[in-house]
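Subject: Structure handover

Hello,

Here is the structure I promised to pass on. Please open it first; my findings follow below.

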Amino acid sequence: MEQHPYLTILGALISGGILQWLLNRFWLSKKEEADVAKQLRDEMRQYITDFDNRLGKMQSELDDWRTKYFQLLEEHTGLKLENMKLRAELDLMNPKPVFYRDRPETTKTIS
């Protein structure tokens with residue numbers, strides 16, 4: 001059997017191509033996977049940092065609103081108390097007439 005040099009060269013090229021493909025497939029794909037994983041971790045860190053910043057801003061806004069609410073609640077309670085005092089003074093100045101039907105029930109006897 002005669003071997004042709006072209007077949008030998010063709011076999012070497014094919015086996016070299018397959019070897020290169022295998023190396024790229026397994027060795028370089030691991031590096032690419034590591035790069036993609038690193039990129040995902042970096043994106044997640046950035047997302048968490050942004051989320052923490054937004055959360056801090058919302059908490060400070062919540063504290064501001066809470067402070068405003070309690071100030072208004074205190075003012076409202078003070079105004080209600082002042083209103084009650086003024087009504088009591090007004091009732092002392094102008095007592096309401098007591099009508100028969102407004103008096104407490106008394107025992108009635110039949111005559």
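The accessible surface of the chain is about 11,600 Å², and carbon and sulfur atoms account for 63% of that area. Please keep in mind that this is a predicted model. Of the chain's 111 residues, 1% count as buried.

Secondary structure is quickly told. The chain has one helix and zero strands. Helix α1 covers residues 5–93.

Surface patch

Which residues make the nonpolar surface patch? They are L10, I14, I18, W21, L22 and F26. F26 belongs to helix α1. Is F26 buried or exposed? Its relative accessibility is 51%, so F26 counts as exposed. The cut-off for that class is over 50%.

Salt bridges

Side chains of opposite charge can pair when their charged atoms come close. How many salt bridges does the count give? The count is three.

Take D42 and K38 to start. They form a salt bridge, with the closest N and O atoms 3.2 Å apart. D42 and K38 are four residues apart in helix α1, so about one helical turn separates them. D42 has 36% relative accessibility and is therefore partly exposed. K38 is partly exposed as well, with a relative accessible area of 45%.

D42 has another partner. The side chains of R45 and D42 meet in a salt bridge, at 3.2 Å from N to O. Both residues, R45 and D42, lie in helix α1, three residues apart, or about one turn of the helix. R45 has a relative accessible area of 52%, so R45 is exposed.

Next come D63 and R66. Their salt bridge has its closest N and O atoms 3.2 Å apart. What separates D63 and R66 along helix α1? About one helical turn, because they are three residues apart. D63 is partly exposed, with a relative accessible area of 40%. R66 has 43% relative accessibility and also counts as partly exposed.

Which residues are joined into one network by shared partners? K38, D42 and R45 are. D42 takes part in both bridges there, with K38 and with R45.

Aromatic rings

A pair of aromatic rings is described by the distance of the centres and the angle of the planes. The structure holds one aromatic pair. The ring centres of Y69 and F70 are 5.2 Å apart and the planes stand at 70 degrees, so the pair is edge-to-face. The cut-off for edge-to-face is over 60 degrees. F70 has 47% relative accessibility, so F70 counts as partly exposed.

There is also a charge over a ring. Which ring does the charged end of K68 sit over? The ring is that of W65, and the charged end of K68 is 4.8 Å from its centre.

For quick reference, here are the contacts again:

- K38 and D42: salt bridge, 3.2 Å
- R45 and D42: salt bridge, 3.2 Å
- D63 and R66: salt bridge, 3.2 Å
- Y69 and F70: edge-to-face pair, centres 5.2 Å apart
- K68 over W65: 4.8 Å from the ring centre

Best regards

Conventions: Residues numbered from 1 in each chain as written. Predicted model: local features only at pLDDT ≥ 70, side-chain atom pairs only at ≥ 80, totals over all residues. Heavy atoms only, no water. Patch = residues over 30% accessible without salt bridge, like charges linked within 9 Å, V, L, I, M, F, W, Y side chains within 5 Å. Areas by Shrake-Rupley, 256 points an atom, 1.4 Å probe, with all protein chains shown as cover. Salt bridge = Lys/Arg side-chain N within 4 Å of Asp/Glu carboxyl O. Helix = DSSP H or I, 4+ residues; strand = E, 2+ residues; numbered from the N terminus. Buried < 20%, exposed > 50% of the residue type's maximum accessible area, 1.4 Å probe, protein only. Phe/Tyr/Trp six-rings, centres within 6.5 Å; stacked < 30°, edge-to-face > 60°. Lys NZ or Arg CZ within 6 Å of the ring centre and 35° of its normal.
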